[in-house]
Amino acid sequence: MSHTITEIEELRTLARDIRLETLKALTGLGFGHYGGCMSVVETLAVLYGGVMRIDPADPDWPERDYFVLSKGHAGPALYSTLAIKGYFPQAELKTLNQNGTRLPSHPDRLRTRGVDATTGSLGQGVSIAAGMALSHRLAGRRNRVFSILGDGELNEGQCWEAFQFIAHHNLNNLTLFIDYNKQQLDGLLDEVIKPFDLAGKFRAFGFEVQTIKGDDIAALHEAAAPARGGEQRPLVIVLDSIKGQGVSYLENLQNSHHLRLTPDVQQEIEKAIAELEAAHV
């Protein structure tokens, strides 16, 4: 699908704003999943800014496309995206994970306007997404479903059961993104459980597979935007991403999965926030 330079620049601006608001929300809280939030920012910008059919004024619009954040610990990045798109006031981002908030640590569809699925128990989100896609298929609806999974999440066997189900039913109304940032909670993937050839494994399961740099907005839009159907196979996009993507300090940390802000860390994060705010002007 063709796109203009202006459209791509608008998506880059949206990604910058999502990254900025997510950093501010996490830093205001004093801790959180910085690394895994940053690595999905561009994908969220592309989906909510240029691919998915959505209506922030009517989050339950029957004809909308659905999104499942299977790696639920990146919830703060999703909240920032939803707030920027107008699902709820951006001021609510300051309440992240605090008593009485509508923005808990992990997405909850009963609490947060615009959230389609409650996630956080890794491995389960993709099964939810598969069920959504099959229900739309059986009902003859043209709704599409999109889901982001973490690469460490693929250690869960339930993921592979879901992938086999998706391929068997040829759910080509479902697009999966694998956030291949090469780290998980306890360290590098290659040290915990090697992923081996991710693209090859998905092809063997019967998927169409593309590997795209996690911050390549134009390529992500090109891959995800076209409607799918007919004999096309379900699509997996492997995001060749970096944990902490877009924030040099976080990118260079050995483990940015979850951070508590010491004075030194907070200084570095606030420096990154200032740089993003300066670019916003």
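Residues are numbered from 1 along each chain as its sequence is written, and side-chain values rest on heavy atoms, with hydrogens and water left out. Since the model is predicted, local features need pLDDT of at least 70 and side-chain atom pairs count only at pLDDT 80 or more, while totals for chains, interfaces and linings use all residues.

A salt bridge here is a side-chain nitrogen of Lys or Arg within 4 Å of a carboxyl oxygen of Asp or Glu. That rule gives 14 salt bridges.

One of them pairs Arg-19 with Glu-42, at 3.0 Å from N to O. Arg-19 belongs to helix 1 (residues 5-29) and Glu-42 to helix 3 (residues 41-51), so this contact ties together parts that lie 23 residues apart in sequence. Helices (H or I, at least four residues) and strands (E, at least two) are DSSP runs, numbered from the N terminus. Both Arg-19 and Glu-42 are buried, meaning under 20% relative accessible area, against over 50% for exposed and in between for partly exposed (1.4 Å probe, protein chains only). Another bridge joins Arg-16 and Asp-17, with N and O 3.7 Å apart; here Asp-17 is buried, at 16% relative accessible area.

Lys-213 sits in strand 7 (residues 208-213) and Asp-240 in strand 8 (residues 235-240), so distant parts of the chain, 27 residues apart, are linked. Lys-213 is partly exposed at 48% relative accessibility, and Asp-240 is partly exposed at 25%.
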